[in-house]
Every structure is written in structure tokens, then in C-alpha cells.
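Trainee: I would like to learn how to read a protein model step by step. Could you take me through one?

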Amino acid sequence: MKATKSMLKCTHEKKDRSEVNKDISLCFNCSSVIIRSENGKEISTIKPLKYSIKQETAVPLFLLNNGNPYKFINKHDYLKIRVNIVKQLKMICTNFKLSKKTYFISLDYLDKICSKLSAFDMEDLLQISKFCIVLAVKFQESQIKAIEIKKSLGLCLSNNYSKDELYLLQLLDYNLYANTSFDIMMDIMHTGFLFSNEKFSLKKMNLIYKKMENMLYFFSGTKFYIDMTHKEIAISIIGLIRETLGLVSYNKIIKTIFMSECTDIQIYSLCLQKLKKFFKIKDDENQNNNHSDSNTDANSDSSSDCNSENYS
């Protein structure tokens with residue numbers, strides 16, 4: 001079905017909404033956020049039609065604390081080896097056609113485990129990363145697939161497999177649940193982070209949405225990734241995308257929806273600078289320069305700029 005202008009913002013009735021507070025509500029049907037402005041006018045999020053669906057995990061996003069990055073015993077030595085280990089992790093996940101979500105869970109396990117280690121060996125860490133993938137597949141996908149991967153990776157050849165797995169589970173505090181940067185970013189993409197009272201190119205919006213998962217995927221291997229919380233990473237990418245579309249990175253509505261009242265905006269500004277450094281974007285040229293791996297081609301249609309409020 002062809003997307004029409006009326007589909008770009010929420011048009012569902014008020015009875016289909018859940019109130020987060022007196023000024024913010026969430027649509028059950030399309031997960032859009034509706035904000036009541038100071039003059040009483042409703043402002044809705046704008047997003048591609050593909051993301052205008054019910055998203056069960058969107059509501060807790062508003063209540064999600066910023067959290068803290070993992071505290072590493074030996075971050076210096078871990079960073080020396082992390083780039084190569086993450087490359088191996090990505091390669092294995094790609095070979096087994098695992099989802100991005102499973103990859104990010106595996107990566108979270110790896111970082112959490114390594115934050116508690118004082119010394120690192122490439123071979124040992126590669127083995128640990130394989131265990132992390134198997135645990136993530138068990139949690140996210142299926143036991144059968146996990147057994148298949150375990151055999152393919154040669155983990156079954158170890159006589160100490162059960163003991164090794166138990167040791168890693170101890171380091172993970174026996175908790176396999178992980179709310180990763182990928183989960184948070186996907187929630188934000190489904191609720192929306194562009195608004196009906198803003199002017200931007202709809203064509204650019206659709207192009208950029210298609211690139212956002214890969215932007216996060218590339219960034220996950222950088223040294224900056226473990227210095228930021230998962231929420232900071234996701235919101236920083238949102239801020240960068242908004243700037244690419246010619247908008248303020250963190251306007252009042254973004255702060256109201258995605259940042260708690262006690263959040264220091266300076267933290268997110270610093271995280272955004274780290275993101276720009278990785279993607280090689282200068283502040284005065286942020287709409288023209290992108291990292292080669294994440295070039296969104298979003299600036300190819302300057303003639304399509306329009307006030308999205310007209311698309312209601």
C-alpha cells in the first residue's frame with residue numbers, strides 16, 4: 001500500500017492512547033508519541049510508515065534511567081584487544097546469520113565480563129566471546145540453534161565446558177537479560193524522534209532510518225562505546241541524525257521525552273561529540289561529512305525539504 005501524507009503522523013483517536021503524564025501520551029496502535037504544547041496544540045512524532053506499528057517495549061523507555069557505564073578493572077589493556085575481538089564477534093554472528101539484536105546482546109555480555117577481568121589473552125578472550133554468542137542465542141533465539149553453534153565453534157570439545165559456562169554466568173551475575181543500545185535505539189525509532197512542528201526532508205528521513213542500525217553496528221567496535229551508557233549511545237545517534245536533517249540535536253521535546261529531569265544535558269552533548277569524532281563529522285559541516293561506512297546519502301535531495309506539519 002502506498003504511503004500517503006496522512007500516514008506520516010498519528011491520526012488515531014484519543015481513546016487509543018496511554019498517558020505517560022499530563023503532557024505526553026503514547027498511541028497503542030502506532031507507538032507514536034503525542035505531546036501537548038504550551039498553547040494546547042498536539043505535536044506528534046513523524047517516522048517512516050514501517051515503524052508506525054505497535055511496539056510493546058516503547059513505554060518503559062520513558063522511565064529508563066541513564067545508568068552507568070561498566071567499571072573496568074583494566075580498561076587500558078582491554079581496549080588494546082577489544083577491536084579485534086569485536087571483529088571476530090561480528091564475523092561469527094554474520095556467518096551464522098544471527099540478528100543484530102543477538103549480536104548486541106553477545107557484545108554486552110562480553111563487555112560486562114571483561115570489565116571484571118584484570119588480564120587479557122587473545123585466545124582466551126576469543127573463546128569467551130564464543131561463549132557469549134552461545135549464551136545470547138540461548139536467551140534470544142533457541143536452545144537448538146545454540147547447540148548447533150556450540151558444536152560448530154568447537155566448544156563441545158572442551159572437557160571444562162560446563163565449568164567455563166558457569167564461571168561466565170557468575171561474572172554476568174546469572175542475569176542474561178540485557179537492555180542494549182540496539183534495543184533502546186529501536187524503541188526510539190518506533191516511537192519517533194522527529195516532530196510534526198519541525199521542517200525536514202521526508203526523503204532524507206526515510207534514507208537515514210535505513211542506515212541507523214548500521215551506524216550503531218559500526219560504532220559498537222570503537223573505543224568510545226564502553227565509555228558511554230547504552231542510553232547515551234542511542235540518544236547520541238538520534239541527536240546526530242537530527243543534526244544531519246538540519247534540526248537541533250536535543251530540543252525541548254527530545255529532552256522531555258527521552259531524558260529525565262535530573263539528566264545533565266552536557267553528558268549527552270559530550271557523547272554526541274564522541275560520535276562525531278568517530279564518524280569524522282565536523283560541527284560546522286555535520287550535514288556534509290559522514291564516515292565512509294555510514295554514509296547515509298541523506299543530503300542528496302535538498303529540494304524535498306518541507307514542513308512536516310503540512311503532512312497531517
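Trainee: Where is Asp-173 found?

Mentor: Before answering, please keep in mind that this is a predicted model, in which local features need pLDDT of at least 70 and side-chain atom pairs count only at pLDDT 80 or more, while totals for chains, interfaces and linings use all residues. Residues are numbered from 1 along each chain as its sequence is written, and side-chain values use heavy atoms, with hydrogens and water left out. Helices (DSSP runs of H or I, at least four residues) and strands (runs of E, at least two) are numbered from the N terminus. With that naming, Asp-173 is found in the loop between α6 (161–171) and α7, and Tyr-174 has its place in that loop between α6 and α7 as well.

Trainee: What is the phi of Asp-173, and what is that of Tyr-174?

Mentor: Phi of Asp-173 is near 60°, which is a positive value in a residue other than glycine, and Tyr-174, also not a glycine, has a positive phi of about 55°. A glycine with a positive phi can be found just after α7, where Gly-192 takes a value of about 100°.

Trainee: Is Tyr-174 buried or exposed?

Mentor: The words have cut-offs: buried means under 20% relative accessible area, exposed means over 50%, and partly exposed lies in between, using a 1.4 Å probe and protein chains only. Tyr-174 counts as exposed because its relative accessibility is 53%, whereas Asp-173, with a relative accessible area of 49%, is partly exposed.

Trainee: How many residues of helix α7 are buried?

Mentor: Helix α7 (residues 181–191) is mostly covered, for 11 of its 11 residues are buried, including Phe-182, Asp-183 and His-190. Over the protein, which has 312 residues, 52% count as buried, and its secondary structure comes to 11 helices and seven strands.

Trainee: Which residues is Lys-101 in contact with?

Mentor: Contact means heavy atoms within 4.5 Å. Leaving aside neighbours within four places in sequence, Lys-101 is in contact with Gln-140, Phe-182 and Asp-183. Lys-101 has its place in helix α3 and is partly exposed, with a relative accessible area of 26%. Although Lys-101 and Phe-182 are 81 residues apart along the chain, their C-alpha atoms are separated by 6.5 Å. For the protein, among contacts between residues at least 6 apart in sequence, 73% join residues at least 24 apart.

Trainee: Which residues touch the most other members of the largest nonpolar core?

Mentor: A nonpolar core is a set of buried Ala, Val, Leu, Ile, Met, Phe, Trp, Tyr and Cys residues joined through side-chain atoms within 4.5 Å. The largest one here has 93 residues, of which Tyr-78, Leu-110, Leu-125, Phe-193, Met-212 and Phe-219 touch the most other members. Helix α4 (residues 122–140) gives the most to this core, with 10 residues. Not counting residues up to four places away in sequence, Leu-110 touches Tyr-78, Ile-85, Leu-125, Ile-128, Ser-129 and Cys-132.

Trainee: How many disulfides does the structure hold?

Mentor: In general, a disulfide is a covalent bond between the sulfur atoms of two cysteines; here the test is a pair of cysteine sulfur atoms within 2.5 Å. The structure holds zero disulfides. Cys-132 is in no disulfide, and the nearest cysteine sulfur, that of Cys-114, is 7.3 Å away. Cys-132 counts as buried because its relative accessibility is 0%.

Trainee: Which residues lie nearest the centre of the largest pocket?

Mentor: On a 1 Å grid over the protein atoms alone, a pocket is an open set of points where a 1.4 Å probe fits, with protein on both sides within 12 Å along at least five of seven lines, and lining residues have an atom within 4 Å of a point. The largest pocket is lined by 23 residues, and Asn-68, Tyr-70, Asp-108, Asn-179 and His-230 lie nearest its centre. About 410 Å³ of space lies in this pocket, where a volume is the space filled by probe spheres set on the points, and grid points are joined across faces, edges and corners.

Trainee: Which helix gives the most to the lining of the largest pocket?

Mentor: α3 gives the most, with four residues, while α3 (100–114) and α9 (230–244) each supply at least two residues of the lining.
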